[in-house]
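Thanks for asking me to look this one over. Here are my notes, point by point, to read alongside the model.

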Amino acid sequence: MQSGIVTNIQRFSIHDGPGIRTTVFLKGCNLRCFWCHNPETLRTEPELQIFPDRCIGCGACLERCEQQAHATIDGRRVFRRELCVACGRCADTCYAESLVLVGELKTVAEVVEEVLRDRPFYERSGGGVTLSGGEPLLQLEFARGILARCKREGLHTAVETAVNLAWERIATILPFTDLVMMDIKLLDSEAHRACTGVGNRRILENATRLGEQDTPLIVRTPVIPGVNDRAECIEPIAAFAARLPNLLYYELLPFHPMANGKYQSLGMDYRAKDLKSPGKEQMRALADVARRYGIEVKHS
Ligand code: SF4
Ligand code: SF4
């Protein structure tokens, strides 16, 4: 039975492809973009999120944790993440939802059953299912299993991916995928490495190969202040995208500094917390730059 780790199944999504969709977020990513707004999807393994503001002080977690990860030291409640094995026992006990285990093992059948609940909405709106993450294609067998089963059910299938993996692996999902949405964050490989942890040669090679397939392609750039929010960064990406024969459109997505709480809940440092969103005028100007390459450009 194919199974994988899912962080969330979000119903009624309207930003992850056409129409009303269900977005399935798979856990694990092989990039480390410092602005990532889904930090709970970065690590492959399940992990505990802690929201201290919701704690009602019942103490149930102290009793349930066999690792003593929750403790009271000198009268203060502490959580020792290094002791936690993410068994989820404390989260099951915490009715205040101060503790949440993120990352659940699910089978393909379980995911598809949940996705199919909203079939009438997909049919009415031209929507379907989208796999996202993290990098959904890192759990390739699982991702392909969901896509294949949804296709058999007649649903529109889309994948949000950074395509930072071997082409042979990407190619195996294409027969079951109606739309690929991929990011190009920067064209310069060293700058790309500095802010995502990896160079972009393989990403661009895969983008070129994807551009030659029958599956429609949307290229997107998250616009991050100080990283790529200038015409000289967007221009070469738009020029590259314009050479992809199956490009549907190019999209610019403004950075939003909204993930601070999530980073805190996971004990992670949010390096983008002081960045501001690019303004509407700036997004419009960058979109105009991209349009010079004769492609359709969307922005928000
Ligand atoms: S079980 Fe939840 S509400 Fe109770 S003390 Fe632990 S964290 Fe707080
Ligand atoms: S998830 Fe398990 S190991 Fe981690 S703190 Fe909770 S009970 Fe302890």
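**Notes on the predicted model**

1. Let me start with a loop: Aspartate 74 lies between strand E4 (70-73) and strand E5 (76-79). Helices (H or I, at least four residues) and strands (E, at least two) are DSSP runs, numbered from the N terminus. Aspartate 74 has a positive phi of about 55°, although it is not a glycine. With a relative accessible area of 77%, aspartate 74 is exposed; here buried means under 20% relative accessible area, exposed over 50%, and partly exposed in between (1.4 Å probe, protein chains only).

2. A word on the ground rules. This is a predicted model, in which local features need pLDDT of at least 70 and side-chain atom pairs count only at pLDDT 80 or more, while totals for chains, interfaces and linings use all residues. Residues are numbered from 1 along each chain as its sequence is written, chains are lettered from A and ligands numbered from 1 in the order in which they are written, and side-chain values use heavy atoms, with hydrogens and water left out.

3. Glutamate 97 also deserves a look. Its phi is near 60°, a positive value in a residue other than glycine. Glutamate 97 is in the loop between helix H2 (89-93) and strand E6 (99-102), and at 51% relative accessibility it counts as exposed.

4. Please check one backbone bond too: the peptide bond from glycine 133 to glycine 134 is cis, with omega near 10°. Glycine 134 belongs to the loop between strand E8 (128-132) and helix H5 (140-152).

5. Where does ligand 2 sit? Ligand 2 is in the largest cavity. On a 1 Å grid over the protein atoms alone, a cavity is a set of points where a 1.4 Å probe fits but cannot get out, and a pocket is an open set with protein on both sides within 12 Å along at least five of seven lines. A molecule sits in either if more than half of its atoms lie within 2 Å of its grid points. Residues around ligand 2 (a heavy atom within 4 Å) include Cys65, His70, Cys84, Cys87 and Cys90. This shell divides into 9 nonpolar, 3 polar and no charged residues; Ala, Val, Leu, Ile, Met, Phe, Trp, Tyr, Cys and Pro count as nonpolar, Asp, Glu, Lys and Arg as charged, and the others, Gly among them, as polar.

6. Ligand 1 takes the space of the second largest pocket. Among the residues around it are Cys55, Cys58, Cys61, Arg77 and Cys94. By class, the shell of ligand 1 has 8 nonpolar, 3 polar and 1 charged residues.

7. The structure holds 3 aromatic pairs (ring centres of Phe, Tyr and Trp, its six-membered ring, within 6.5 Å; planes under 30 degrees apart are stacked, over 60 edge-to-face, the rest tilted). In one of them, the rings of phenylalanine 12 and phenylalanine 121 have centres 4.9 Å apart and planes at 85°, so the pair is edge-to-face. Phenylalanine 12 lies in strand E1 (residues 3-13) and phenylalanine 121 in helix H4 (residues 119-125), so the pair ties together parts that are 109 residues apart in sequence. Phenylalanine 12 is partly exposed at 42% relative accessibility, and phenylalanine 121 is partly exposed at 31%.

8. Phenylalanine 34 and tryptophan 35 are edge-to-face, because their ring centres are 5.3 Å apart and their planes at 75°. Phenylalanine 34 is buried at 17% relative accessibility, and tryptophan 35 is buried at 6%.

Conventions. On a 1 Å grid over the protein atoms alone, a cavity is a set of points where a 1.4 Å probe fits but cannot get out, and a pocket is an open set with protein on both sides within 12 Å along at least five of seven lines; lining residues have an atom within 4 Å of a point.
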